[in-house]
Amino acid sequence: MSSFLSLVATPLSDSIIPDEIIIEILLRLPTKLLSRFMCVSKPWHKLISSPDFIKTHLKLISNDKEYSHHRVLLTGIGGNFNFCSFPPLFNEEQCTELFPINSPIQKSYLLSRAVGSVDGLICLFNQPREIIIWNPTISKSKELHNFRKDILSFDERYGFGYDKSNDEYKVVFVDYCSSTDDEFSPSNMRTVVSIYSSRTDSLRTVHDQLQHIYLVNDSGKFVNKKIYWVSSTEFNDHNARSIISFDVADETWESMELPFSGEDDSYFELGVMESNLALLYTSHLHATTSNLWILKHCGVDVSWTKLFNIKYPRNAGGRMCIPQSTLSIIHFCQSNNGDILILLPPVIMIYDGSTRELKHVVDVGRCFAEEIYLENLLKSLSISNQGRRIHETSQSLC
């Protein structure tokens, strides 16, 4: 608490309430309310906008088991973004209310998708080959322009993660290119890996990683300091052979075996269950059930554990016809009473925590449930600009 008080040259309030108590109260407030309180006075603005306060507040709200600070990002018609609050989703009788968000993407770019979300920052990809780091809570975003424009890619994969040791966010690009001037084919394919760092606001490209390895998922899943993809050994072969991980801090790659070998034309999809890597196995394209596994850590040992079988409702069966490479954003969240929310684009399903039976499917109209994020005050604009174009999606808070 003393570190916060040192940021404030004058008292936070003229009342008899000590500054320490005011700070404790502020740290437990919702993000939207905090953003308004920044306008109370210069000392309050300095405190609430300080990195130490933001990180402490983020840590507290991320441990909220009622998910009162979590939101679901949804894509509407024409690429418009909406969000809905998390807790009402568990209640079938409570109407799910959607709220529009100012989009950081120009309307001319209709093809966009979420690469991932870390600490409430959402990494978006949209054509033509642009990456945007966006905080929808405070309507701030940063566009990574002119990166990789000299790379002629025939297929591409992405990942978004956070390196706590260096306090930096990283975006990983994996491009599959032709190794010659001839027309692209699997026989002359080369892999180019590029890594963007928010701390230096720069991109490094390496050419000797992931050769002869094909990442199946469009977007990797960030869990416990690593980004994970399902992988195969041949281009456009969606039959999973292993799981590849990228350590965001060390920038090293590792391979991990699947819990079992799937059948031909079966599907392995990665997700997140609390703080664990999750794996969804579906035996064939039109299957109506899948098996849910999670990767548990016990010291240095890791092991796969099967949780339960998921039976899909009739109106969600069509999702299994979507190519697997697009099925990469999967979340599993458990409420206080044990019910499990499964965000499996484009649907949101709630399962009973005891019986593991489907309770209801959340109605989000014609929107596409895409990502879960945490409301926070982190500023994607706080990373150094160095001539990159910064795009603000709304006016200043004060």
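I began with Thr205, which counts as partly exposed because its relative accessibility is 37% (buried means under 20% relative accessible area, exposed over 50%, and partly exposed in between, with a 1.4 Å probe and protein chains only). I then noted that the model is a predicted one, in which local features need pLDDT of at least 70 and side-chain atom pairs count only at pLDDT 80 or more, while totals for chains, interfaces and linings use all residues. Residues are numbered from 1 along each chain as its sequence is written, and side-chain values use heavy atoms, with hydrogens and water left out.

**Entry on Thr205, continued.** I placed Thr205 in strand β11, residues 202-206 (strands are DSSP runs of E with at least two residues, helices are runs of H or I with at least four, and both are numbered from the N terminus). Leaving aside neighbours within four places in sequence, I found Thr205 in contact with Val192, Val193 and Ser194 (contact means heavy atoms within 4.5 Å). For Ser194, which is 11 residues from Thr205 along the chain, I noted a C-alpha separation of 4.2 Å.

**Entry on the whole chain.** I looked up the secondary structure and found five helices and 26 strands in the protein chain. Of its 398 residues, 54% are buried. I also looked at contacts between residues at least 6 apart in sequence, and 52% of these join residues at least 24 apart. The protein chain exposes about 18,700 Å², with carbon and sulfur atoms supplying 50% of that area (accessible areas come from the Shrake-Rupley method with a 1.4 Å probe, and for residues only the protein chains shown count as cover).

**Entry on Cys123.** I found Cys123 in strand β5, residues 121-126, and it counts as buried because its relative accessibility is 0%. Setting aside neighbours within four places in sequence, Cys123 is in contact with Arg113, Ala114, Val115, Gly116, Ile131, Ile132, Phe160 and Val171. The C-alpha atoms of Cys123 and Phe160 are separated by 6.7 Å, and the two residues are 37 apart along the chain.

**Entry on Thr31.** I traced Thr31 to helix α3, residues 31-37, where it counts as buried at 1% relative accessibility. Not counting residues up to four places away in sequence, Thr31 touches His57, Ile61, Thr137, Glu375, Asn376 and Leu377. Glu375 is 344 residues from Thr31 along the chain, yet their C-alpha atoms are separated by 6.2 Å.

**Entry on helix α2.** In this helix, residues 19-26, I noted Asp19, Ile22, Ile23 and Leu26 as buried. Seen down the axis of α2, the buried residues fall within an arc of 100°, so they line one face of the helix (the arc is that of the directions from the helix axis to the C-beta atoms).

**Entry on two positive phi values.** I found that phi of Ser139, a residue other than glycine, is positive and near 55°. Ser139 lies in the loop between β6 (130-135) and β7 (140-144), and it counts as buried at 11% relative accessibility. Arg356, which is not a glycine either, has a positive phi of about 60°. Arg356 lies in the loop between β23 (347-351) and β24 (358-361), and at 29% relative accessibility it counts as partly exposed.

**Entry on the largest pocket.** I looked up its volume and found about 1,900 Å³ of space (on a 1 Å grid over the protein atoms alone, a pocket is an open set of points where a 1.4 Å probe fits, with protein on both sides within 12 Å along at least five of seven lines, and lining residues have an atom within 4 Å of a point; the volume is the space filled by probe spheres set on the points, which are joined across faces, edges and corners). The largest pocket is lined by 50 residues, and Leu58, Ser62, Val118, Asp119 and Phe222 lie nearest its centre. The largest share of this lining, six residues, comes from α5. Elements that each supply at least two lining residues include β4 (112-118), β8 (155-163) and β25 (368-374). By class, I noted 22 nonpolar, 15 polar and 13 charged residues in the lining (Ala, Val, Leu, Ile, Met, Phe, Trp, Tyr, Cys and Pro count as nonpolar, Asp, Glu, Lys and Arg as charged, and the others, Gly among them, as polar).
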